[in-house]
Amino acid sequence: MAAKKNGPVIALGAVLAAGLAAPLVTGSPLGFYLEVLIGGLMAGVLYSLVALGFVLIFKASGVFNFAQGAMVLFAALALARLAEWLPAWIGIPAGFPALTLAFVLAAGIMVGLAWVIERIVLRPLVAQDPVALLMATLGVTFFLDGFGQTIWGSDIYKIDLGISKDPTMILESMFQGGILVSKEDLIAAVIAAGLVILLALFFQKTATGRALRAVADDHQAAQSIGIPLNRIWVIVWAVAGFVALVAGMVWGAKLGVQFSLAQLALKALPVVILGGFTSIPGAIIGGLIIGVGEKMAEVFLGPPLVKMWDLAGGGIENWFAYVLALLFLMVRPEGLFGEKHIDRV
Amino acid sequence: MTTPLLSVNGIEVIYNHVILVLKGVSFSVPEGGIVALLGGNGAGKTTTLRAVSRLLKGERGEVTKGYIEYKGERIDALTTYDLVKRGVVQVMEGRHCFAHLSVEENLLTGAYTRNASKGEIDASLEKVYAYFPRLKTRRTSQSGYTSGGEQQMTAIGRALMAHPTMILLDEPSMGLAPQIVEEIFEIVKDLNARERVSFLLAEQNTSVALKYSNYGYILENGRIVMDGEASSLASNEDVKEFYLGVSSGERKSFRDAKFYKRRKRWLA
Ligand SMILES: Nc1ncnc2c1ncn2[C@@H]1O[C@H](COP(=O)(O)OP(=O)(O)OP(=O)(O)O)[C@@H](O)[C@H]1O
Ligand SMILES: [Mg+2]
């Protein structure tokens with residue numbers, strides 16, 4: 001029985017692994033291969049961050065938060081514009097000091113947003129049909145997209161973290177030609193990893209983190225011992241908002257803050273399907289798998305396909321994640337790490 | 001007469017705006033008492049406890065008549081959080097441990113409402129372990145994998161961590177072996193005697209509940225049909241017959257006319 005259930009997953013895993021190994025077998029230079037792999041991991045880290053915000057909210061309140069991508073854009077816009085405006089407003093030096101203050105203010109804005117969402121969206125709709133809540137988060141998405149433009153503007157803005165965008169060579173002695181990685185990507189990965197560790201500590205070691213996990217497990221019981229659900233919701237939405245800010249900052253620094261960020265962030269959806277809606281490790285690993293998978297597919301699968309069928313080529317990156325998620329939905333709807341239900345009474 | 005710790009005065013509870021479940025329930029719990037609320041399936045015991053602990057709202061229920069006082073003050077407008085802070089905690093029917101948290105983490109969540117120092121919390125934890133030594137040996141286990149008895153102990157221990165004056169205990173005997181039930185009730189008695197925690201105890205298991213409580217109320221169809229000292233209830237013929245499953249004469253069948261007549265009196 002168990003084997004039967006795991007069979008398709010193992011098969012899918014084998015295909016993925018084979019796909020990963022294929023370029024090497026077919027003679028891609030190792031250095032270049034590793035470059036692609038690292039590039040994929042970097043993109044994956046960002047997907048992981050967005051997916052993480054998504055999972056947090058889903059676990060604590062059962063709300064399927066469509067607005068996570070919009071929150072990334074909104075936070076990034078706030079950060080970029082505040083960093084730009086603050087020097088003129090209060091005379092703080094532009095550059096790092098302004099950016100730091102802007103980050104703190106943007107974090108405050110995301111907390112305020114969490115509070116408002118709890119007040120006017122979640123509280124009135126709780127105990128209603130889950131579909132109502134889903135629609136409400138869709139509403140929040142469009143509101144944030146539009147309102148964000150209203151206050152912050154709709155151009156492409158820069159976030160300058162002061163890190164050189166020039167790629168550096170690493171491991172030159174080990175590989176012919178070395179591996180090209182951008183410093184910015186490395187720092188992004190470090191920031192993301194730091195955030196994940198911070199969150200893990202928060203959830204495992206603090207009383208509030210414990211209360212959040214308790215609510216995720218059994219919100220009625222949590223309520224019965226006096227844990228106020230409203231407060232918990234504000235906290236998780238605020239944490240998700242903070243995660244969105246970090247993702248928006250890193251992404252915005254790389255690609256510029258623009259509307260397409262929200263769409264990019266939507267890739268968190270296939271990530272959580274892959275990793276499981278309730279699993280924090282699933283969000284992280286799912287993000288990495290999708291990041292690497294789509295880069296590999298784009299670079300190594302694209303060209304042969306083009307040759308074979310005379311296609312226009314390109315664009316694999318855009319649909320790969322969704323197809324992978326679809327396959328997963330068919331063979332393992334609970335995702336890779338979907339929470340084990342402990343059924344014992 | 002001193003004011004009781006808890007007094008419930010003629011409350012009516014309606015679910016979903018239409019389902020009338022409690023039809024004027026009144027009772028009280030004295031300071032330091034163990035009061036049993038008895039009755040069969042669907043009598044309204046859990047609903048009564050929820051009305052006291054302010055957990056009705058999440059169930060779309062509402063107290064539409066009557067009022068509840070704790071230490072002489074009305075608690076109608078309080079939230080569960082406020083009430084837990086004042087010392088009233090409900091232990092839910094079916095235990096409801098946090099399955100993915102360890103036993104110790106479960107206990108610690110119980111102290112959420114307290115602004116206590118780490119030292120005080122640790123002291124409370126040790127106290128809970130002293131009453132439930134079994135929990136100490138299981139402290140690092142995920143509580144979803146502990147036994148039913150251990151889960152019930154975890155749930156009670158978790159409530160104790162709030163430093164309560166009063167615990168609303170909903171069917172602790174549910175699904176447990178008789179000797180575990182006795183073990184748990186012995187601890188309840190102990191907590192009552194040594195920690196001065198008062199208990200309002202909802203139970204279907206009438207014999208055990210009456211053995212360990214001082215006073216009992218019998219609830220049927222949302223009304224209190226009888227009340228009295230635990231010992232006198234235990235020896236009451238009707239109670240014996242309908243709730244303890246024994247009768248003085250030969251066993252009455254359900255169709256027995258006398259049964260019906262008495263039953264009807266109770267339901268009226
Ligand atoms: N959330 C709810 N919505 C609607 N009706 C409810 C709800 N909860 C309970 N009821 C109804 O209220 C009545 C009393 O239920 P309650 O759970 O209080 O009984 P109980 O005495 O605790 O029973 P048991 O011993 O089976 O736990 C039942 O008829 C039940 O169907
Ligand atoms: Mg009940």
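Reader: In what order do the six strands of the chain B sheet run?
Author: In this predicted model, the order is β6-β7-β8-β3-β9-β10 in chain B. The sheet is open and its pairing is mixed.
Reader: Which strands stand at the edges?
Author: β6 (88-91) and β10 (223-229) of chain B. Each has a single partner strand, so one side of each is left without a neighbour in the sheet.
Reader: And what does the twist average?
Author: From one strand to the next, 15°.
Reader: Back to β6(B). Does it pair with β7 of chain B in the parallel or antiparallel sense?
Author: Parallel, over four bridges, with β7(B) covering residues 166-170. B:Val91 stands opposite B:Leu169 of β7(B).
Reader: Which strands does helix α1 of chain B touch?
Author: Helix α1 (residues 45-53) packs on the sheet and touches β3 (34-38), β6, β7, β8 (198-203) and β9 (215-220) of chain B. Its direction makes about 150° with that of β7(B).
Reader: Where does α7 of chain B lie?
Author: Helix α7 (residues 178-194) lies across β3, β7 and β8 of chain B, at about 155° to β8(B).
Reader: Switching to chain A. At what angle do α6 and α9 pack?
Author: About 170°, with the axes of α6(A) (residues 183-205) and α9(A) (residues 229-255) 10 Å apart. The two helices are therefore roughly antiparallel.
Reader: Which residues make that contact?
Author: From α6(A), they include A:Ile191, A:Leu195 and A:Phe202; from α9(A), A:Phe242, A:Val246 and A:Met249 are among them.
Reader: How many are nonpolar, polar and charged?
Author: The contact of α6(A) with α9(A) has 13 nonpolar residues, three charged and no polar ones.

Key: Residues numbered from 1 in each chain as written. Chains lettered and ligands numbered in written order. Predicted model: local features only at pLDDT ≥ 70, side-chain atom pairs only at ≥ 80, totals over all residues. Heavy atoms only, no water. Pairing = 2+ DSSP bridges. Axes fitted to C-alpha atoms, helices over the stretch in contact; angles between N-to-C directions. Contact = heavy atoms within 4.5 Å. Parallel < 35°, antiparallel > 145°, perpendicular 65-115°, else oblique. Nonpolar A, V, L, I, M, F, W, Y, C, P; charged D, E, K, R; others polar.
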